[in-house]
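Here is a short briefing on one protein model. Look at the overall picture first, then the details.

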Amino acid sequence: MDNSVTRRRMLTVALGGAATVALPAPAWAVTDQRPGAVRPPALTGHDTQVARRVSAERALRHLKVLSVDLGPRIGGTRSEKIAADYIAKTLDRLGYDVALQPFPVADKFLAQLDSPSGLPRDLNWQAGASALGGLDTRVRASVVDVAAGAPENYTTDVTGKIVLIDYVAASRDAQVATAVEKGAAAVVFLPVDLVEPRRASAFSPVLATAVAIPVVGVAQAQKHRLRELLAQRRLILTVTTRAHRNLTSHNVIADAPRRRPTGTEPVVMVSAHYDTVIGAPGANDDGSGTVLNLELARVLRNLPTKARLRFALWGSEEQGLIGSRYYVAQLPQAERDRILAVFQNDMVATSWDPATRYWLLSYTGLANRATDEVAAAAERLGYAPRISPVTLRGSSDHQSFQEVGIAAANFSWRGEESPALLEPPYHSPEDTIAKNISLERLQVSLELIGSAAYATAVRG
């Protein structure tokens, strides 16, 4: 966002009762020029109704629940279900007709790292566990760094200890076999650093042979912090693993209340996914899109429209768009035909400085009703130069709809040159409110999508 914009106030948010973070709070009147815009807005009456009501600060309250109180929300696990229930209850209280749509998902194997002396609290310490390592168990032991994990790297006795090993996919089974032979109590694999701004995510190591000890994979940020701690003092870790089996994930579908629904009126959808990858609190990906939905649901619920507004929060997107694809597969053709546009919001609030472009991403690479309406809203808000042309890209839930011919697009703040330029905290334990959320960008996203969705619903 344009750094020349004066921050007139700061919003201080308590995180988990233990820390606070001060975020620049949006501070502009409805007719003011927005941060990064090239001119003051020229809003319609409908735009004004949205702009004067939406509040990133209100949305942040929901984001704290999702990314701080709950943290990682892995598809089908208890934390994802708690998030789904929270979202459903919020929409129900707003008067929406809410349904949870269940669908099966694959087993998950997770780990949690802790220490008697405590681990740094600015990172999440969930990791992935190997399905063929020790599961549903807990190991507490001192830590030894054995680098590449070859026999010659074991220069001290590791019996009963937790070993840190630099992960090499081609030799991971040999690395684990050596650790077992040497008497290690657990293996913590450390990923290879990616090229900045990318950083490696936590992962569940895939082994060819079952072993009795826990084998876990941490993220790049966790790796560096563990080695820093070990360099400072003797480090004791607790590694807890758990198998999550026979899982069910859920979509949350909410239709705006109407006095006389016909079942044939057109539908405008606003959507996001609420699950995360392993180890990521998911403040921006996609807690930001989720709370955008909740805030727009509050603002738009009583405004008159020709089309019916539908808000959809997808489960298990991170495992391959499973929730949205399930939803689309269950829709009869007549129901698909009712949908005018799907506004999918995935990562709409990053504070990463280079993410100055708001991208219109289409799985087909072609414009449609969703991209056209957001582009038009950007023009009215004075934001047109910040908006990308319609750009070919899938890999979010808009793809599920476009695959069957429904107008849809994904909207996101990313780097100026390419939609592949994502912020460093992406899919990492650093995707937190403190490290990866801009309330100004969230506010602009609320105005863009709110104005576009409302304009679509009014015209029908």
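**Charges and overall build**

The mean positions of the 51 positive charges (Lys and Arg) and the 46 negative charges (Asp and Glu) of the protein chain lie 6 Å apart. His and the chain ends are not counted. Each charge is placed at NZ of Lys, CZ of Arg, CG of Asp or CD of Glu.

This is a predicted model, in which local features need pLDDT of at least 70, side-chain atom pairs count only at pLDDT 80 or more, and totals for chains, interfaces and linings use all residues. Residues are numbered from 1 along each chain as its sequence is written, and side-chain values use heavy atoms, leaving out hydrogens and water.

**Fold and extent**

- The protein chain has 12 helices and 17 strands (DSSP runs: H or I of at least four residues, E of at least two, numbered from the N terminus).
- Along its principal axes, the C-alpha trace spans about 75 × 50 × 40 Å.

**Burial and contacts**

- Of the 460 residues, 59% are buried (under 20% relative accessible area, 1.4 Å probe, protein chains only).
- Contact means heavy atoms within 4.5 Å. Among contacts between residues at least 6 apart in sequence, 80% join residues at least 24 apart.

**Nonpolar cores**

- A nonpolar core is a set of buried Ala, Val, Leu, Ile, Met, Phe, Trp, Tyr and Cys residues joined through side-chain atoms within 4.5 Å.
- The largest has 70 residues, and Leu-91 and Phe-343 have the most contacts inside it.
- Helix α12 (residues 439–459) gives the most to this core, with 11 residues.
- A second, separate core of 27 residues includes Leu-123, Val-218, Leu-229 and Leu-235.

Terms used:
Buried < 20%, exposed > 50% of the residue type's maximum accessible area, 1.4 Å probe, protein only.
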